[in-house]
Amino acid sequence: MDFIQIVILAILQGLTEFLPISSSAHLILFPRLAGWDDQGLAFDVAVHLGTLVAVVWYFRDEITAMTKDWAASLVRRQRVGDSRLAWAVILGTIPVGLAGLLFKGFIEQALRSPLVIAWTTIGFGLLLWVADLHGRKVARPRSEHALSRRDILLIGCAQALALIPGTSRSGVTMTAGLLLGLSRSGAARFSFLLSIPVIVLAGGLSALDLVREEHAVDWSAMAWGVVLSAISAYLCIHVFLKLLDRIGMLPFVIYRLALGGLLLVLFWGH
């Protein structure tokens with residue numbers, strides 16, 4: 001990988017991981033469209049580590065409070081402060097963890113084609129639009145702290161669908177949250193908190209695969225990937241949460257429809 005490729009792919013990962021437009025689709029498609037060789041598993045692990053650093057640092061105060069209250073809830077055997085939200089993140093991760101273990105091989109072999117990405121980009125983009133319209137009609141939208149067990153299960157199952165390239169993990173979890181009556185910011189914040197264990201699990205599995213392959217690693221490229229993806233992801237989370245209530249989901253829906261349409265034009269029949 002040359003330096004320009006490293007910079008572009010790292011920033012691309014940082015920006016798309018938390019926007020509802022699918023980071024996996026962009027990391028699969030952009031090298032193809034640019035005529036680059038695949039960046040390899042090691043670089044994918046590095047840029048995902050960068051996005052993990054970004055989201056943990058951004059929500060560091062919330063994570064500290066959730067962790068303390070969760071530990072206290074285990075000792076006291078009752079709800080303590082933010083322990084409810086901590087349990088929501090844990091329980092909401094179970095469906096995607098199970099789905100990943102069961103279907104990881106099939107998804108990697110059968111569902112990484114540009115046409116699959118095109119249709120999921122369009123289909124789940126339209127669903128996001130419907131959810132955003134529904135959310136605007138809710139008289140009293142709830143925050144992420146008011147999730148019921150049913151809400152958590154449904155959002156967790158929705159997150160499992162994001163294993164399909166082009167779906168967008170953040171997009172589908174925000175869609176589910178909006179449909180369940182969460183506010184835009186509540187749906188986004190819970191989606192970002194849910195990303196933490198998912199990135200850890202996915203990165204851990206990829207790291208194990210990388211160790212088994214025993215390929216040489218370009219540590220300079222990995223370091224740049226971590227730093228640049230972390231910076232761009234942190235800025236993306238900050239700006240997105242600041243602007244979300246003002247702009248809504250429509251700009252991302254339009255982007256998804258345009259991207260999906262372009263992919264159908266480029267790859268139909270291939």
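This is a short tour of the structure, from the whole fold down to single side chains.

The model is predicted: local features need pLDDT of at least 70, side-chain atom pairs count only at pLDDT 80 or more, and totals for chains, interfaces and linings use all residues. Residues are numbered from 1 along each chain as its sequence is written, and side-chain values use heavy atoms, with hydrogens and water left out.

**Start with the cartoon.** Select the protein and colour by secondary structure. You will find 11 helices and 0 strands (DSSP runs: H or I of at least four residues for helices, E of at least two for strands).

**Switch to the C-alpha trace.** Along its principal axes the trace spans about 55 × 40 × 35 Å. The radius of gyration is 18 Å, which agrees with the value near 18 Å for a compact globule of 270 residues (C-alpha atoms; the rule is 2.2 Å times the number of residues to the power 0.38).

**Show the surface.** The accessible surface is about 13600 Å², with 67% from carbon and sulfur atoms (Shrake-Rupley, 1.4 Å probe). Buried residues make up 48% of the 270 (under 20% relative accessible area, 1.4 Å probe, protein chains only).

**Select the aromatics.** Pick Phe 18, Tyr 58, Phe 59, Phe 192, Tyr 234, Phe 240 and Phe 252. These form one aromatic cluster. The structure holds 9 aromatic pairs (ring centres within 6.5 Å, using the six-membered ring of Trp).

**Finish at Trp 57.** Which residue lies over its face? Arg 60 does, at 4.1 Å from the ring centre (CZ of Arg within 6 Å of the centre and within 35 degrees of the ring normal).

Methods:
Rings of Phe, Tyr and Trp (its six-membered ring) pair if their centres lie within 6.5 Å; planes under 30 degrees apart count as stacked, over 60 as edge-to-face and the rest as tilted. Buried means under 20% relative accessible area, exposed over 50%, partly exposed in between (1.4 Å probe, protein chains only).
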